[in-house]
Every structure is written in structure tokens, then in C-alpha cells.
Amino acid sequence: MTPLLAAEGVTKSYGGRIGCSDVSMSLHAGEVLAIVGESGSGKTTLLRCLSGHLPVTAGKVRYTLRDGRHVSLDDLSEAERRLLMRTDWGFVHQDARDGLRMGVSAGANVGERMMAVGDRHYGRIRASAVDWLTRVEIPEDRIDDSPWSYSGGMRQRLQIARNLVTSPRLVFMDEPTGGLDVSVQARLLDLIRGLVRKLDLAAIVVTHDLAVARLLSTRMMVMQQGRVIETGLTDQVLEDPQAPYTQLLVSSVLQV
Amino acid sequence: MTPVVTITDLAKTFHLHQQGSIRIPVLAGFSAEIGAGEAVAVTGPSGRGKSSLLKLIYGSYRATGGAIRVWHDEDWVDVATAAPREVLAVRRRTIGYVTQFLRVIPRVPAEAVVAEPLLDRGIPQDTALERARHLLARLGIPQRLWHLSPMTFSGGEQQRVNIARGFAAAFPVLLLDEPTASLDSANRSRVLDLIEEARAAGSAIIAVFHDDTERRRACSREIALG
């Protein structure tokens, strides 16, 4: 079976400095892959390379389109790549302000994605916006409010709604629960897990929080200094870490 | 007896890099065969790898050597060498595992925790919840607790939620790590009934029991470690 997303030898260097080096991976529908490591380990750089936000220095990222073609991102035209990002892919930023348009209402934030894929029917767009806000537990009477008036947790849920309204097949998430209160975090984790199962999504989640990775992901990649030093099932990596650095990382988690 | 789990020459050594690079051998040259409809107890003194053996079969621990072949979807899969997504498929449909402690997302209701393995198999929500509630009721969890997160439950209640989750999906192979450890005698008896029913329905049970009487009641054969 062809994977949805596959990377071969992906490398990104900034001048002489290495962002990520020689990373290979594959991801199938329904899988959630966590990329973990300390800050500066290259996990966000890798995520941005995999999602086509950063050009790679070397290597290839391939994606299976809805029509079954398994293409290299380099071979897509700029217009095709943009369409992919608006339709098949979602990107959830750590700071919701980077993923939302703060100047327009919450409803418009969700509706905008639908218009970007060609929907023009106001009633249908409005109904979808309401449906998605409800699914992410935002009250309907807040639909016309600006995201500025939302709490951090609500903004993050709005960002998820905005990303999922076009039924993407692959969602990239950069520290999706970072900077949120733990009570809000739990709610968001539960929401994401439910959506992944219902929609058979594939997701790549960057996090430095091993507890988040444990609850959200089925597989894990551990990064150190731009390289992937360990991969495996999430419980395998956390319960039986092999690399010295992974053992240090896992044994450093505070117990509550 | 049709074997469903065949373990050959299994070895496991932990290499702890952060602690003076010490090597701790847990299992070496271990072989066993477990058949459908058979309940087998893993026995041995504390620290001889009983729980480790269960984790190896489930794929949570990586084998240092040997093979763990599991009959899955009309074929043998070697959990020790299979790709992660094959192991996930084995866990979805073939091997269930009741750990010693429940691990859940905060805020998720007990009935949803129990229904999850069924939803993972694509069983409709209503059917899955009905089965979950049936098991919770059988294990004596009062109905008023079903929609609450088990994180607030007592140790014994959490363990029963964990057991309900393990038995929800009628796995062909079921790993049980001290399933009755924190339960009173009425609940221990209910769990032993569930084990007996699963075995009679053709599941292969591999269990670690603390208590000799329960072990003898639940299991027909012993595999001794150490």
C-alpha cells in the first residue's frame, strides 16, 4: 500500500547550520505521528519541510493525491501546491494568531477556507461554519465575534475548525496544545483524537511534551541535533527507549 | 489445540545508557506455544520478567532476539520484527492487553474509554457504547459513574474500567497483567467469570496472577520464568 506521505533523505540547512538532516519516514491514513525532541532539535524545521512550507536542501517529499498519483512536492506547480494546502492539508500553528485571520469574525475564518475551494453559497457556508464551531465546542452565538475576543483554548479550537472544514486528509500540527492551560489541553487532545478517528485523518504532531505525544500519537520519531535518532510505536519508544538520548528524555519527565 | 501465539528463542536485555551503561538480562532462550481457548499463567518470582513477557508479546518492548509469532488475519505476524503499522493492526483486531494501571485522557467518560477499542475497529458508536455499558454494569460500576472520567475513580474502580476495556472487543489473544490485584472478592469473582467466558469462546489468555487460588481457578497451565 502506498503511503499518504513519504520522505526520503530530507535535509534542510541554513547556510552552514543544519536544520534537519537525512530524514526518511512514511505515513498512512489514520496514523498519527509525533515528532518529539528538545527545542532546537529540528522538529519544526522538519514539519515545515514535510508540509511544503520550506524548500528542502536535499531529499524528496512525496504525497499521494486523491486521484492516486504519488507525486513529489517539487514536481507540483506553485498553483497545485497552494491548492493542496487549502484542500487536502491542514496546518495547525502553535500560536493560533498565525493560523487565523484575526481581522475577521470566527465564522468568516471557517467560511474563508470553503470559499478558497470554490464554494460561493452563503447559506451553505454559514451552515458549515456553525456545524464546525459546534463540533469544536464553540457556542453558536459566538460565530460573529472576532477571534480577538476568544480565549487561547477557543482560538485553538477555531483554528482546528478552520483547518478541518475542507475535509483534509493530512493535518500538520506544531505544538497544538502548547501555551494552553492543562484543563484546556485535555479537552483539545480528546477533540483531536475523536476527529482523527471519525475522519480517518493522518496527522503529524510536533511536540516537546511526551505526555501529549503519548495520548495523541500511534508512532513517534525522536530528534536530536537535526537527526532522527529513534523511531517506533509510541508506547515502545516511551516504555523501552533504545538510544541514550531518548532514555535521558524519557527518564527526565516529571511525575505528578 | 490450534496455536495462536508461538514464541521461539525469545531474548530481552535492557541496556541502560544513563545508569553506567548497565545491561540487565530479563529473558533468554524463552520458547512457548499458546493455543486458542487456552488460559496460561506466567509464573515466577518478582523481577523475573512476567510483565516484560506480556509487553514483548504486545510489542511495547522490543525483543533483543527471537520471534513472537501471532496468528492474525489468517496469517502469522512476527511482532518482534513487524513494521509499526502491522503491530497496530494486530492490536486493533487480535491482541488485547489489560495493563496493571489505567491510562486515559483526562475528561473522557468511563463508557467512552471502554468503547474505544470497538470504535477503533469501526463498530458503530451506539453498539460500542451499549457493549461498554453492559460490561461496566457486570463489573459493578454504578451507572452514575459511566459518564464521568475514571481519573476520579478509586483504584479498584479504575482497574474494573480497565478490565471492561480489555474485554470489550473479544480479542482472540488477551494479555492480563494482575487483573484482580486491587479488587475485592466479589469483583475478583466477576473478573474470573469474564476470563472463563472469553476462554470458552476461543480466546487465548496469557495472564500474570498474584494469587495462587485465582491463578489455579483461571488457568489450566503454567509457564514458569526464572
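Predicted model: local features only at pLDDT ≥ 70, side-chain atom pairs only at ≥ 80, totals over all residues.
Which residue of chain A does B:Glu116 form a salt bridge with?

Residues are numbered from 1 along each chain as its sequence is written, chains are lettered from A and ligands numbered from 1 in the order in which they are written, and side-chain values use heavy atoms, with hydrogens and water left out.

**Exercise 1. Find the partner of B:Glu116, then list the charged and polar links between the chains.**

Step 1. The partner is A:Arg197, with the closest N and O atoms 3.1 Å apart. A salt bridge here is a side-chain nitrogen of Lys or Arg within 4 Å of a carboxyl oxygen of Asp or Glu.

Step 2. Count the salt bridges between chain B and chain A: 10.

Step 3. Now the polar contacts: 16 residue pairs, both at pLDDT 80 or more. The term covers a pair of N or O atoms within 3.5 Å; within protein, one must be able to donate a hydrogen and the other to accept it, and residues adjacent in sequence count only if both atoms are side-chain atoms.

Step 4. Which elements of chain B give two or more residues to the side that touches chain A? They are strand S1 (3-16), helix H1 (50-58), helix H2 (84-93) and helix H3 (110-120). H2(B) gives the most, with five residues. Helices (H or I, at least four residues) and strands (E, at least two) are DSSP runs, numbered from the N terminus.

**Exercise 2. Work out the extent of the interface between chain B and chain A.**

Step 1. Count contacts, meaning heavy atoms within 4.5 Å: 26 residues of chain B touch 29 residues of chain A.

Step 2. Get the buried area, which is the accessible area (1.4 Å probe) that two parts lose on being put together, summed over both. The two chains bury about 2,400 Å², 50% of it on carbon and sulfur atoms.

Step 3. On the chain B side, B:Arg62, B:Ile105 and B:Arg107 lose the most area to chain A, together 29% of what that side buries.

**Exercise 3. Describe the surroundings of A:Thr87.**

Step 1. Buried or exposed? A:Thr87 is buried, with a relative accessible area of 19%.

Step 2. Follow the side chain of A:Thr87, and you reach the backbone oxygen of A:Leu83 at 2.7 Å.

Step 3. Leave aside neighbours within four places in sequence, and the contacts of A:Thr87 are A:Arg66, A:Arg113, A:Val117, A:Thr166, A:Ser167 and A:Pro168.

Conventions:
Buried < 20%, exposed > 50% of the residue type's maximum accessible area, 1.4 Å probe, protein only.
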